[in-house]
2 protein chains.
Amino acid sequence: MTDLSPLLTDLYQLTMMQGYFLSDLHRQQATFDLYFRRLPFEGGYAVWAGLEPMLDWLQGLHFAEADLDYLASLGQFRPEFLAALREWRFSCEVTAFPEGSVVFPHEPLLTVRGPLWEAQLVETALLNTLNFQTLVATKAARCVLAAQAGGGTVLEFGARRAQGPNGAVSAARAAFVGGAVGTSNLEAGRQFGIPVSGTHAHAWVESFPTELDAFRAYAEFYPDSTTLLLDTVDTLGSGLPNALTVAAELRAKGHELGGVRVDSGDLAYLSRVIRERLDAAGFPDVKIVVSNDLSESVISGVIAEGGRVDVYGVGTQLATAGGPGGGALGGVYKLAELNGRPRMKLTGDPAKSSLPGTKAVWRGLDHDHFAWDVLTLGDAPHEGLRVSDPTNPLRSARLTSRLHWRPARDLVMSGGQRTRPAEALPALQARAREELARLAPETRRLLNPHVYRVSLAPEVSELRDRLAQELRGH
Amino acid sequence: MTDLSPLLTDLYQLTMMQGYFLSDLHRQQATFDLYFRRLPFEGGYAVWAGLEPMLDWLQGLHFAEADLDYLASLGQFRPEFLAALREWRFSCEVTAFPEGSVVFPHEPLLTVRGPLWEAQLVETALLNTLNFQTLVATKAARCVLAAQAGGGTVLEFGARRAQGPNGAVSAARAAFVGGAVGTSNLEAGRQFGIPVSGTHAHAWVESFPTELDAFRAYAEFYPDSTTLLLDTVDTLGSGLPNALTVAAELRAKGHELGGVRVDSGDLAYLSRVIRERLDAAGFPDVKIVVSNDLSESVISGVIAEGGRVDVYGVGTQLATAGGPGGGALGGVYKLAELNGRPRMKLTGDPAKSSLPGTKAVWRGLDHDHFAWDVLTLGDAPHEGLRVSDPTNPLRSARLTSRLHWRPARDLVMSGGQRTRPAEALPALQARAREELARLAPETRRLLNPHVYRVSLAPEVSELRDRLAQELRGH
């Protein structure tokens with residue numbers, strides 16, 4: 001399966017690996033941190049996703065003969081290196097936030113420790129999957145929180161606009177972690193057991209002599225799971241009356257119409273009128289589904305305008321994680337330690353310098369709420385500790401007494417093997433839901449959220465400053 | 001292989017298929033058109049990509065037992081339908097622009113004709129792949145044309161930010177069609193034979209005692225293909241002098257340094273200074289490679305500011321087709337004819353109504369230049385014909401005499417089989433390059449391009465108007 005290919009990487013990872021191997025530096029013990037510097041969508045949090053598939057990938061990683069043949073064909077790799085790759089396995093230790101956690105900028109989300117040539121190879125694939133799935137899970141959480149404000153839920157409908165066939169499958173998975181209740185994508189349903197759902201298309205209506213014929217046919221075949229699309233001809237003038245006719249016919253036969261869908265027009269106005277007429281006709285349980293270029297801000301707008309929507313089918317914007325601050329998450333993977341010595345990449349901009357050393361991430365809880373994350377070199381932070389902002393050393397504060405600290409990350413791989421069984425997708429979705437509920441409402445806001453505090457313990461900032469001074473002096 | 005799964009589709013395609021099957025409507029002859037309504041990136045053209053992989057997919061499409069088992073598990077599909085799916089094959093006729101063509105809004109890019117339940121199933125996968133690859137090929141063409149203005153070329157470097165592992169592979173393929181000369185992605189190199197290239201990372205430099213040690217080691221192992229990354233410590237103060245040392249050492253051994261790369265800072269200024277110093281030191285052939293959040297507008301800016309760049313490594317923006325008007329192409333797939341009768345989807349907005357009937361696309365050439373595309377119901381347009389704008393019937397014009405007309409599309413599948421062998425990727429890239437050269441320079445502009453004319457022959461607009469009147473009266 002291509003998904004498991006070690007060649008899902010950049011050429012330079014392999015040329016560097018060969019270089020390390022030929023220099024006999026490949027077994028140096030390296031520590032790499034994966035993190036991002038800016039939250040997507042101008043929001044207040046991110047939902048960490050993609051970890052479980054990457055642990056599967058790491059655990060099974062090896063070079064098959066076909067992979068080695070391709071590398072040999074490039075003319076840059078020596079026989080002794082290719083022979084070593086044949087035996088190559090991933091034996092590193094991996095520490096990470098459990099999938100579904102809410103996470104923030106500058107904290108190491110995942111740390112790989114082990115031989116340099118192993119930790120280096122996996123950079124590209126880790127970034128690819130974790131960047132994208134975290135981005136989509138975050139987008140989904142935003143849409144779901146927006147929908148919940150009006151009692152609605154979210155379905156992922158984006159396969160036709162997603163980036164690459166498996167981009168659509170990954171997006172459906174990540175959207176589920178972020179809180180979507182299902183997907184239209186059958187392949188995602190099969191691969192991950194995500195509930196699949198759908199309605200019918202305009203072409204269905206156009207393939208019958210009349211809209212009523214089309215509705216009746218669909219209801220006949222799916223008497224207990226019919227959602228009728230109302231806007232092929234005229235939503236309120238034709239679609240809704242025909243749907244009411246079919247709803248009554250279904251009831252006479254002992255079934256109930258599941259829902260109606262509107263894919264165009266003023267969704268707030270139409271859903272309100274449709275709700276009133278369905279209720280008045282005795283169908284208060286028929287769900288209203290809407291679609292058409294939805295996003296978290298459109299959903300909020302529909303609710304603010306009095307829309308009465310049960311299910312939002314979100315397509316393009318969810319599957320491609322579009323909108324302001326979307327499209328790509330800028331996660332990076334940086335060397336933090338080599339052979340026990342801290343390492344950092346210095347840049348002119350302190351916000352872009354990496355944090356050296358092997359760090360622990362502690363999450364401070366105020367009763368049940370997440371209040372403060374602190375990076376240390378190991379031990380839990382303590383009351384009164386003066387901690388500083390990762391990008392602005394001038395901003396510092398003392399930790400208050402009421403916080404209860406717990407480690408935010410787990411050892412998830414040791415010796416290249418999982419330390420515990422894979423977590424099932426519904427458990428990841430539940431974790432995301434629980435953790436989002438522990439954020440302050442102001443941090444969950446769609447726009448202008450309060451910034452969640454992530455700080456450096458003095459030992460981390462001092463190490464960074466000392467190393468920066470050494471590098472500048474060098 | 002997942003890529004070939006018939007389940008890369010929305011659930012509703014299958015529930016509709018079963019409905020057609022149970023209604024005995026599944027063998028009705030349907031015609032669907034795939035097209036988009038708006039050019040991406042606020043540009044003047046799109047580069048059509050993704051066709052060849054989709055023809056492979058269509059030709060091999062069938063339901064395997066595992067697919068049928070999954071569908072059966074959903075509890076919505078009847079045994080007689082699942083038995084019919086076991087025998088199901090794609091037998092339609094497909095007409096399309098050859099891959100690599102430049103294309104425009106409202107023209108049917110691909111038309112599927114055949115049994116309704118076949119033509120319906122493939123909608124989601126066709127849209128997914130053709131939307132995304134066309135989007136990326138177009139983005140690549142824009143970057144390549146921008147780079148060419150300064151004599152540079154483009155490499156695709158985006159795997160770590162692409163959407164889904166195979167999104168990265170698809171993006172590398174499409175970028176190559178659009179004119180990128182290579183990719184960093186090994187899996188794309190293997191699958192499609194795209195030239196792979198790369199340099200080294202900052203971590204390479206950090207893994208050696210000094211930058212010079214790191215450069216020397218890399219040059220030792222890759223004496224004929226070394227590109228050195230200059231900005232780990234200090235681009236002009238350390239990276240460049242060390243690179244010059246290594247360039248001289250390589251030359252003494254009969255080799256030449258390939259290039260230097262800069263990944264941060266003022267790329268226009270740095271590339272200019274680096275070019276001067278390389279030239280002055282006797283290394284005029286060492287290439288300058290730049291990267292760091294590049295896009296077509298950043299490339300144009302670097303050139304406008306006097307930058308001297310040979311190769312632009314474009315990552316996130318290319319692999320995710322980001323930027324204004326990017327992220328997703330809104331291609332749609334609409335029923336145009338059923339059992340010989342034209343069909344259309346009427347909407348309140350005439351720009352969103354589909355075009356009924358089986359149409360031909362004719363491209364009018366003025367000498368060697370593409371001048372005008374016209375949609376007819378079959379025959380070539382002729383001099384003096386009054387044609388109209390697809391979205392605004394009030395805008396019409398007469399075709400001038402100097403145009404020479406040729407059909408823009410080919411029959412690419414008949415009876416579900418390719419009518420000709422697959423075209424190789426370099427041929428698609430060459431077509432895109434040639435066709436882009438036939439556009440007016442004003443249409444190729446990055447910003448505010450001239451709008452290329454796409455018009456409807458009177459027979460098409462009259463058919464649409466007649467059908468719209470019938471539907472409204474209905």
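Guide: Strand 14 of chain B pairs with strand 18 (residues 404–407) of chain B, antiparallel and over four bridges. Within that pairing, R363(B) sits across from R406(B) of strand 18 of chain B. Please keep in mind throughout that this is a predicted model.

Strand 14 of chain B has another partner: seven bridges join it to strand 15 (residues 369–376) of chain B, and these two also run antiparallel. D366(B) has H369(B) in strand 15 of chain B as its bridge partner. The two strands form a hairpin with two residues between them, and there H367(B) has a positive phi near 55 degrees. As for cover, strand 14 spans residues 360–366 of chain B, and six of its seven residues are buried. In general, strands of a sheet are held to each other by backbone hydrogen bonds, in parallel or antiparallel fashion.

Seven of its strands make an open sheet, ordered 13-12-1-5-3-19-20, with antiparallel pairing. Its edges are strand 13 (341–342) and strand 20 (417–418) of chain A, each of which pairs on one side only. Inside that order, strand 3 (residues 93–96) and strand 19 (residues 410–414) of chain A are antiparallel partners over three bridges. A96(A) is found opposite D410(A) of strand 19 of chain A.

From backbone pairing we can turn to side chains. Oppositely charged side chains can pair when their charged atoms come close. Over all chains, the count of salt bridges is 56. One of them joins R275(A) to D310(A), with 3.5 Å between the closest N and O atoms. This pair ties together distant parts of the chain, 35 residues apart: R275(A) belongs to helix 12 (residues 267–280) of chain A, while D310(A) lies in the loop between helix 13 (296–304) and strand 11 (311–314) of chain A. R275(A) counts as buried because its relative accessible area is 5%, under the 20% cut-off. D310(A), at 23%, is partly exposed.

Chain A also has a network of salt bridges, which links E52(A), D56(A), R418(A), R420(A), E423(A) and R431(A).

Back in chain B, a salt bridge brings E256(B) and R251(B) together at 2.8 Å from N to O. Both ends are partly exposed: E256(B) has a relative accessibility of 39%, and R251(B) has 37%. Another salt bridge, between D465(B) and R464(B), has an N to O distance of 3.9 Å. Here D465(B) is partly exposed at 41%, whereas R464(B) is buried at 8%.

UniProt, in an unreviewed entry, lists residues 155–269 of chain A as "domain: Nicotinate/nicotinamide phosphoribosyltransferase". In the model, residues 155–269 of chain A are 50% helix and 10% strand, with the end C-alpha atoms 21 Å apart.

Methods
Residues numbered from 1 in each chain as written. Chains lettered and ligands numbered in written order. Predicted model: local features only at pLDDT ≥ 70, side-chain atom pairs only at ≥ 80, totals over all residues. Heavy atoms only, no water. Salt bridge = Lys/Arg side-chain N within 4 Å of Asp/Glu carboxyl O. Buried < 20%, exposed > 50% of the residue type's maximum accessible area, 1.4 Å probe, protein only. Pairing = 2+ DSSP bridges. UniProt positions renumbered as here; feature names shortened; annotations may be inferred.
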